[in-house]
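This briefing summarises the fold, the strand pairing and the surface of a single protein chain. The sequence and the model are shown first, followed by the points grouped by topic.

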Amino acid sequence: MLKSKSEIRVRYEETDQMGVVYHAKYFNWFEVGRINLLDDIGVPYKQLEEKGYFLPVLSCEAAFRSPAFFDDRLIIEVKVLFPSFIRMKADYEVKRGHNLIA
């Protein structure tokens, strides 16, 4: 299994007027996690593309348990259970402290 953690500080522009993170922003954070995972294992995504390899997202979904708010410090954890040369499935968790929020 491959695993990586990234820290995110929720920016004002990621929230609505109530200070709650807009749901689509989580998918941006998932990308941050994916890119950092590749960096952590020594295969930066830019190098993959330069060699003609691409990692398109074929499907994605999220389940939201509780909201994130402006200025929260979050951990984005990505796990790839069975990486292969052709395809990989990444699972993500967004946590505030020890609380799973997405």
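**Overall architecture**

The chain comprises 2 helices and 4 strands in this predicted model. In sequence order, these elements give the pattern β-α-α-β-β-β. The 4 strands form an open sheet with antiparallel pairing, in the order β1-β2-β3-β4.

**Sheet and helix packing**

- The edges of the sheet are formed by β1 (2-9) and β4 (99-100), each of which pairs on one side only.
- Helix α1, covering residues 25-40, lies across β1, β2 and β3. The direction of α1 is at about 130° to that of β1.
- In general, the side chains of a regular strand alternate between the two faces of the sheet.

**Pairing of β2 with β3**

- Strand β2 (residues 73-80) and strand β3 (residues 90-96) run antiparallel and are joined by 6 bridges.
- Two residue pairs can be located in this part of the sheet: I75 stands opposite K95 in β3, and E77 has E93 in β3 as its bridge partner.

**Pairing of β3 with β4**

- The pairing of β3 with β4 is antiparallel and extends over 2 bridges.
- R96 stands opposite N99 in β4.
- The hairpin of β3 and β4 has 2 residues between the strands. In this hairpin, G97 adopts a positive phi near 65°.

**The loop residue H23**

- H23 is located in the loop that connects β1 and α1.
- The relative accessible area of H23 is 43%, so the residue is classed as partly exposed, a class that lies between the buried limit of under 20% and the exposed limit of over 50%.
- A62 is 39 residues from H23 along the chain, and the C-alpha atoms of the two residues are separated by 8.9 Å.

**Dimensions, burial and contacts**

- The C-alpha trace spans about 45 × 25 × 25 Å along its principal axes.
- Of the 102 residues in the chain, 26% are buried.
- Among contacts in the chain with a separation of 6 or more, 64% are between residues 24 or more positions apart.

**Surface and charge**

Note on methods
Residues are numbered from 1 along each chain as its sequence is written. This is a predicted model: local features need pLDDT of at least 70, side-chain atom pairs count only at pLDDT 80 or more; totals for chains, interfaces and linings use all residues. Side-chain values use heavy atoms; hydrogens and water are left out. Two strands pair if DSSP finds at least two bridges between them. Contact means heavy atoms within 4.5 Å. Axes are lines fitted to C-alpha atoms, for helices over the stretch in contact, and angles run from 0 to 180 degrees between N-to-C directions. Buried means under 20% relative accessible area, exposed over 50%, partly exposed in between (1.4 Å probe, protein chains only).
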